[in-house]
Amino acid sequence: MPKITEKSDVKNIEDLITYIDYRTSNKRKRIYHYTSLNNLILILKNKKLLLNNLKNMNDRMEYKLSSKYTKENLYVASFTYYHIESIHYWVIYGKSSPYAVKVSFKTEDFIHPDDFTYEALDGKKIKLKSAELREMIYHNPKTDKWRNASNYFNNLEESEDVIRKRLRGLCKYNVWEHEKEIRLLASADERFEKIFVNLNEELFNSIQITFSPWLEDAVRVEFEDMLYNILLKHKFKSLPGKEELFKKSELSEQIAPMFPY
């Protein structure tokens, strides 16, 4: 199948999937996950990342539509490909907390998620039907057009049913497009509320951690020491230096005075 690199060349579902895979693999160098400091500590200590059942995600309409096209149980870890810090992400996903973090990984380290192992919260190994890392696409119901990265697929002629069936768990309405979401999506016959993916140690060699813009500098330095000691204690190899690993928020000088705590 020829590589589809331009939106204008996307005419059917196969073109669409090829294009999304191209964008995910070639245009998104890093992916970003906003979470709490406590969750980050658990990720580092256990080398695991939590995936939620799709029915527990913030968009209930998405689950309703997806369940129409598949009986599989879908599990999701959400990232954004948007590299510029946004107050929106810190407020919504960081809960406006000084103890939130933005964790960044190289996309290439997640591009073959079927190479990872997955387990239930009790440690039971889970046999997946599939696992993939892909960007979301967004549907405008008023125009019946699909978008990705803020541009329409104007030549796409497939029906909404075909697209939602083939890309189950990767379609949302365009009111969610601001999230610029990229997902680790896993499917299985067994149903759980949440599952874990076990992360390869090499994945942590390129990790970057940005602290909340509301975190005081003195506390940030203490957290850097604490997190680095966790990484050293768990014998991660080829760790980057502190200056490369930890980042101060680019927004801290602009918004910290607005949210005293």
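A polar contact is a pair of N or O atoms within 3.5 Å; within protein, one atom must be able to donate a hydrogen and the other to accept it, and residues adjacent in sequence count only if both atoms are side-chain atoms.

## Basis of the model

This is a predicted model, in which local features need pLDDT of at least 70 and side-chain atom pairs count only at pLDDT 80 or more, whereas totals for chains, interfaces and linings use all residues. Residues are numbered from 1 along each chain as its sequence is written, and side-chain values use heavy atoms, with hydrogens and water left out.

## Thr 24 in helix α1

Thr 24 lies in helix α1, which covers residues 13–27. Helices (H or I, at least four residues) and strands (E, at least two) are DSSP runs, numbered from the N terminus. The side chain of Thr 24 reaches the backbone oxygen of Ile 20 at 2.9 Å.

Thr 24 counts as buried because its relative accessibility is 1%; buried means under 20% relative accessible area, exposed over 50%, and partly exposed in between (1.4 Å probe, protein chains only). Apart from neighbours within four places in sequence, Thr 24 is in contact with Thr 107, Ile 111, Leu 133, Arg 134, Glu 135 and Ile 182. Contact here means heavy atoms within 4.5 Å.

Strands of a sheet pair through backbone hydrogen bonds, either parallel or antiparallel. Two strands are taken to pair if DSSP finds at least two bridges between them.

Strand β3 spans residues 73–80, and seven of its eight residues are buried. With strand β2 (residues 48–53), β3 pairs in the antiparallel sense over two bridges; Asn 52 has Val 76 in β3 as its bridge partner. Strand β11 (residues 181–188) also runs antiparallel to β3, and eight bridges join them. Within this pairing, Thr 80 stands opposite Glu 181 in β11.

## The four-stranded open sheet

An open sheet with mixed pairing is formed by four strands in the order β9-β8-β7-β10. Its edge strands, each pairing on one side only, are β9 (151–152) and β10 (171–173).

Strands β7 (residues 137–140) and β8 (residues 145–148) run antiparallel and are joined by three bridges. Asn 140 has Lys 145 in β8 as its bridge partner.

## Ile 87 in helix α4

Ile 87 belongs to helix α4 (residues 87–92). With a relative accessible area of 36%, Ile 87 is partly exposed.
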